[in-house]
Amino acid sequence: MRKLGIALLVLLILACSAGAVALTWTAAQRIAQPTRPTAAAPRTATPAAFVFDAIARAVEEIRGLRATGPYTRSLMTQAELRAYQERKFEKDYTPEEARQDTLTLAAFDLLPRDFPLRDFLLELYTEQIAGFYDPDTKQFFVISEQGQPGILERVTFAHEYTHLLQDQHFDLVALGFTDDEAKRPKDVDDDAMLARRALVEGDATLTQLLYLNRLPAAEQREWLRAIQRQPSEVFDRAPRAIREELTFPYEAGFAFVQALYERGGWEAVNAAFRDPPASTEQILHPEKFWSREAPIRVTLPPLTDTLGSGWRMIDENVLGEFYLRVVLEERLDRSRAEEAAAGWGGDRYAVYWNEAAGQDFLVLEAVWDSEDEAREFVEAYRDYATARYGRGPVRESSGQALWAGTDVLWLEWNGTRTRILRGPTEELIRRVRAQFR
């Protein structure tokens, strides 16, 4: 489901918020001030190159890593960014993939089925991307309309240069940041991949803000003013799930990396790249990363034959604590959703689609850290379902409840396990339930 981009980005909205700057002032005290030159950066006689060379030296000093190989860097106009993204989408994100993502998100009530996801993401990226690094090509770009690096471009360069250093020292392609599916690790699910993105973007955001902290106060204020002037019309009208997923790696990732840094400095961050977080749960609760509380593996039976003619599976993966919280927030307030999702231990979901009937079928099985955590989720999800259908369950007994409206929702729970089935008829629900016994 999560195909919102492989290149490592820095967004203009929220990823670089004023609040985030304030969070780094104490951490900045650990950073040494002097800088040393690097021999690896490409050098030319242009003024922009000299500016970028100086930033590269500062970032290497801050991050404690040196560039070890060649790379290319360029300024790119927004029009060029649009053309670049169109080529990338044409090659790496087909209309069919976007349609399947849309149907999956719609199955969780996060998007309308007819939402133009591919076109919208193209508009959103064109508006919001300030720079990006592509691990496949070893290129990074900073978006600029003026041809010379102003304060936004300089701070963005610090972020993207951090991605270069990550790639050269920890191999971002091996971590899964590649458009080449053959090179992606086979055992990393969507939730674990989002956790890795949070590590990578959180590191770059912390480094970027520590670089910003070195600048004179007048330039810091200039950066804040420049950020506030950036357009956000497309971002502001984005569905909540898209906004949440785009900003999670920067906001939660920054908090996670800052916790690592305050615990053990850059070596603790480097160690996380060598043994990356396994779930968004570990990002949201760093203590679970330190204790290596691994997600519990959940499996689902194949259901295509059970559902019958015309049905096909369009997605199966792990939702994870973060996205489970996003789903619950559609009907519950944020604090309730966070509390209900916080006991997550593992899950597996599958979405099936019947094109001729225009119907979907959702399966979500989750396991919780304790029976109390499972009960807390059940209570929250009962309220979620009641809000969705506008009334309570039409039938319930010990450990199970059913809601009915334009479709049918089945919730059951036993010990630390919960199961959600949602489909067009109760008969289909009954047939699917039989496959779990």
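Is arginine 63 buried or exposed? At 1% relative accessibility, arginine 63 counts as buried, where buried means under 20% relative accessible area, exposed means over 50%, and partly exposed covers what is in between (1.4 Å probe, protein chains only). This is a predicted model, in which local features need pLDDT of at least 70 and side-chain atom pairs count only at pLDDT 80 or more, while totals for chains, interfaces and linings use all residues. Residues are numbered from 1 along each chain as its sequence is written, and side-chain values use heavy atoms, with hydrogens and water left out.

Back to arginine 63, which is found in helix α3 (residues 47–63). Helices (H or I, at least four residues) and strands (E, at least two) are DSSP runs, numbered from the N terminus. Setting aside neighbours within four places in sequence, arginine 63 is in contact with Leu165, Phe170, Asp203, Thr207, Trp266, Val269, Asn270 and Phe273; contact here means heavy atoms within 4.5 Å.

**The chain overall**

The protein chain has 19 helices and eleven strands. Of its 437 residues, 57% count as buried. Take the contacts in the chain with a separation of 6 or more: residues 24 or more positions apart account for 74% of them.

**The sheet**

Seven strands make an open, antiparallel sheet, in the order β5-β6-β7-β11-β10-β9-β8. Two strands pair if DSSP finds at least two bridges between them. Strands β5 (311–317) and β8 (395–397) stand at the edges with a single partner strand each, so one side of each has no neighbour in the sheet. From one strand to the next, the twist averages 10°.

Strand β7 (residues 359–368) is worth a look. Nine of its ten residues are buried. It pairs with β6 in the antiparallel sense over ten bridges, and six bridges join β7 to β11 (residues 417–423), again antiparallel. Leucine 362 in β7 stands opposite valine 351, and it also stands opposite arginine 422 in β11. Glutamate 365 faces another arginine, standing opposite arginine 419 in β11. The hairpin of β6 and β7 has four residues between the strands, and there glycine 358 takes a positive phi near 65°.

Helix α16 (residues 320–328) lies across β6 (344–354) and β7, running at about 60° to β6. Axes are lines fitted to C-alpha atoms, for helices over the stretch in contact, and angles run from 0 to 180 degrees between N-to-C directions.

**Cores**

A nonpolar core is a set of buried Ala, Val, Leu, Ile, Met, Phe, Trp, Tyr and Cys residues joined through side-chain atoms within 4.5 Å. The largest one has 118 residues, and Phe108, Tyr161, Ile242, Leu324 and Leu328 touch the most other members. Helix α12 (residues 240–274) gives the most to this core, with 14 residues. Apart from it lies another core, of 16 residues, including Leu300, Leu402, Val408 and Ile429.

Leaving aside neighbours within four places in sequence, phenylalanine 108 is in contact with Leu319, Val327, Tyr349, Val351, Leu362, Leu364 and Tyr384.

On a 1 Å grid over the protein atoms alone, a cavity is a set of points where a 1.4 Å probe fits but cannot get out, and a pocket is an open set with protein on both sides within 12 Å along at least five of seven lines; lining residues have an atom within 4 Å of a point. Grid points are joined across faces, edges and corners, and a volume is the space filled by probe spheres set on the points. By this rule there are four cavities of 30 Å³ or more.

| Space | Volume | Lining | Nearest the centre |
|---|---|---|---|
| Largest cavity | about 100 Å³ | 14 residues | Phe108, Val327, Leu362, Tyr381, Tyr384 |
| Second largest pocket | about 400 Å³ | 19 residues | Ile143, Glu145, Leu152, Glu153, Gln230 |

For the largest cavity, the elements giving two or more lining residues are α16, β7, α18 (371–389) and β11; α18 gives the most, with three residues. For the second largest pocket, they are β3 (129–134), α7 (151–170) and α10 (217–229), and α7 gives the most, with four residues.

**Two aspartates with positive phi**

Aspartate 109 has a positive phi near 65°, in a residue other than glycine. It sits in the loop between α5 (95–107) and α6 (117–128) and is partly exposed, with a relative accessible area of 22%. Aspartate 171 has a positive phi of about 60° although it is not a glycine. Its place is the loop between α7 and α8 (172–175), and at 37% relative accessible area aspartate 171 is partly exposed.
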